[in-house]
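Here is a short briefing for a reader new to this structure. The points are grouped by topic.

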Amino acid sequence: LLRSLFAEQRSRARVLYGIRKGQCCSVTFIQRFGSALNFTPHFHALVLDGVYAGPSHRPGDFVALYLPEIEDVARV
């Protein structure tokens, strides 16, 4: 999921702002149990709504992207 989401964010940054190699960012963790202590493993992910404009060794400025449209979500 994150690989597809990052590809979509990089694509939108390239089309809108001409950013060729935007760096995306997220934090993900696994929750193994539900509120009733039942075993229900699932993921939680916090994803930034934009990209950093520079390469990984010098990220540069953060560029916020517009909210995705329904077509963007369907494509991911």
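Strand β1 (residues 26-33) and strand β2 (residues 39-47) pair in the antiparallel sense, over seven bridges. Strands pair if DSSP finds at least two bridges between them; helices (H or I, at least four residues) and strands (E, at least two) are DSSP runs, numbered from the N terminus. This is a predicted model, in which local features need pLDDT of at least 70 and side-chain atom pairs count only at pLDDT 80 or more, while totals for chains, interfaces and linings use all residues. Residues are numbered from 1 along each chain as its sequence is written, and side-chain values use heavy atoms, with hydrogens and water left out.

**The hairpin**
- β1 and β2 form a hairpin with five residues between them.
- In the turn, leucine 37 has a positive phi of about 60°.
- Valine 27 has leucine 46 in β2 as its bridge partner.

**Glutamate 8**
- Glutamate 8 lies in helix α1 (residues 2-17).
- Its relative accessible area is 9%, so glutamate 8 is buried (buried means under 20%, exposed over 50%, partly exposed in between, with a 1.4 Å probe and protein chains only).
- The side chains of glutamate 8 and arginine 75 make a polar contact at 2.9 Å (a pair of N or O atoms within 3.5 Å; within protein, one must be able to donate a hydrogen and the other to accept it, and residues adjacent in sequence count only if both atoms are side-chain atoms).

**Cysteines**
- The structure holds zero disulfides (a disulfide is a pair of cysteine sulfur atoms within 2.5 Å).
- Cysteine 24 is in no disulfide, and the nearest cysteine sulfur, in cysteine 25, is 8.8 Å away.
- Cysteine 24 is buried at 16% relative accessible area, whereas cysteine 25 is partly exposed at 34%.
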